[in-house]
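I opened a new page to work through this structure slowly, going from the whole chain to its parts. The entries below keep the order in which I looked things up.

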Amino acid sequence: MKMGLVGFAGTGKSIVFEWLTGEKPDPSKVQQGQTAMADVPDERLAKISAALKPKKTTYTKVAVLDTPGLMADERKDNPRRLGVIREANGMVIVLDGFSRSDFAGQLRKFREELLFADLEVVSNRIPKLEAGLKKAKPAKEREADEIELALLRRIVAALEAGTPAAQIGLTTDEEKSVRSFQLLTLKPEIAFVNRGDSGFNDPLPADLLALEPHAIQAPVKLEMELLALGEEDRKAFMADMGVTSFHRDSTIRAMFYGVGREVFFTTGEDECRTWSIPKGCEAVEAAGCIHKDLGEKFVRAIVISYNDFVSCHYSEKEAKTKGLARTEGKNYVVKDADILHILHSG
Ligand SMILES: Nc1nc2c(ncn2[C@@H]2O[C@H](COP(=O)(O)OP(=O)(O)OP(=O)(O)O)[C@@H](O)[C@H]2O)c(=O)[nH]1
Ligand SMILES: [Mg+2]
C-alpha cells in the first residue's frame, strides 16, 4: 500500500515524510520521488502482544512517497511532476498551514492540477483512437475501440467540467478499461494541513471540511522538535506551547483507513501481527494475504472478534469454550480487527 505526499512546492511534504517515516529524503532525488516505510500503529495489537508476549510483534506497513512540489504559476510541468504519484494507491494533499490560512483555496487549486494532468493523459489518447478507426480493422476490434473512444470522450467532458473521474460513476468494467491511465482523480485522497506553531488546536475551517470531510491537521515541525527533546524539557515545552498530544500515529492510521484498507490479526507464541486487507474482503482472500498457498489450500477460518477476544482474556481456548470462536468458510467477509486462524489442507 503506497501513499503519496503531494502538494504545491514548499507546503512541507518532505518534513511530513520525515515525521511519518523517520527518514530524511535526499534532496538530490526529489524529482523521481522517494519511498520509505512506516508501521501502521495499532493499540489493539499492542494490547494483544502485551497479554500474549509473543517473540515478535509485527505491524503492517504503508509505503510513504515524497514527491516533487507543483508550481503554482509555471503549470506546464506539473503533470510530469504528478507522474511520480500515478502508481500510488492514494494521496495525502499537504497544505501550507504555517504561512497561509486559505486551506480550501489551496486544496481547490491543487485539485485543478490533478484534473489538468488527467485531462492531458486521456485527451492524448483520443486522436490515436480516432486515427485507428479510419483504417480497416476487424469488426470486434473496431467495436472495442469505439466503446473506448466514447468512454474517453465522456471522461474528458467530465474533467473539463471540473468533475474528478471518481465522481463520474464509472462501472467496474469501465474502471478496468481505463486502469492503464492510472488516473489521479480516481485515487482516494485526504487533505492534511501542516500547521505552524500556533492555531493547531483550532478546528479546521468549515469551507475546507465541505471540500474534504476527512481533512486532518498537525503542527509537524513543532512535533518533531518536541520529540527530539529530553522528557523533562518536552513536558515543559508542551505545556508552554499548548501541545496535548502527538498526531503521527493517528495520521498514519487516517491514511491507511482513508484508502479503504482494514486489518485482521493473527496471534501465536512466535508472532502476533496485523495484516492489511481491502475493506470487505473475503476470508479466502485474507488467507492469501498471509501466504499465497494459504489462500489456495484454504479449508476454513476460526474467527474471533476483537472485543470477544479481549473479554476472553486473549485466549482462543476460552473463546472456543464460550462459543465465541466461529467457524467460517471462504466467503466470510472479514471485519476490521477480527482475529483469524486459517485452517488449510496439505
Ligand atoms: N514555520 C514552519 N515552517 C515549515 C513547516 N513545515 C515546513 N516548513 C518550512 O517550509 C519549507 C519547505 O519545507 P519542505 O518540507 O521542504 O517542503 P516541501 O513541500 O517538501 O517542498 P518541495 O519539495 O520543494 O515541494 C522549509 O523551509 C520548512 O522549514 C512548519 O510546520 N512550520
Ligand atoms: Mg520536498
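Predicted model: local features only at pLDDT ≥ 70, side-chain atom pairs only at ≥ 80, totals over all residues.

My notes start with the chain as a whole, then turn to one strand, the nonpolar cores and the ligand.

**Entry 1: the whole chain.** Among the elements, I found the lowest mean pLDDT, 90, in helix 3 (residues 78-82), and the highest, 98, in strand 3 (residues 56-58). I then noted 14 helices and 12 strands in the protein chain, whose C-alpha trace spans about 70 × 60 × 40 Å along its principal axes. Of the 346 residues, 32% count as buried. I also looked up the contacts with a separation of 6 or more, and 70% of them are between residues 24 or more positions apart.

**Entry 2: strand 1.** Which strands pair with strand 1 in the parallel sense? I found that four bridges join strand 1 to strand 4, and that these two run parallel; here K2 stands opposite A63 in strand 4. Strand 1 also pairs with strand 5 in the parallel sense, again over four bridges, and on this side I noted L5 opposite V92 in strand 5. Strand 1 is mostly covered, with four of its five residues buried.

Entry 3: The largest nonpolar core here has 48 residues, and M3, V92, I93, A191 and F192 have the most contacts inside it. Among the elements that give two or more residues to this core are strand 1 (2-6), strand 4 (61-66), strand 5 (90-97) and strand 6 (189-195), but helix 4 gives the most, with eight residues.

**Entry 4: the ligand.** How many residues surround ligand 1? I found 17, the closest being G12, K13, S14, G69 and K221. The elements that give two or more residues to this shell are helix 1 (13-21) and helix 8 (220-227), and helix 1 gives the most, with three residues. By class, I noted seven nonpolar, eight polar and two charged residues in the shell.

Conventions:
Residues numbered from 1 in each chain as written. Chains lettered and ligands numbered in written order. Near = placed C-beta within 6 Å. Nonpolar A, V, L, I, M, F, W, Y, C, P; charged D, E, K, R; others polar. Core = buried A, V, L, I, M, F, W, Y, C linked by C-beta atoms within 7 Å. Buried ≥ 20, exposed ≤ 12 C-beta atoms within 10 Å, placed from the backbone. pLDDT = per-residue confidence, 0-100. Contact = placed C-beta atoms within 7 Å. Pairing = 2+ DSSP bridges.
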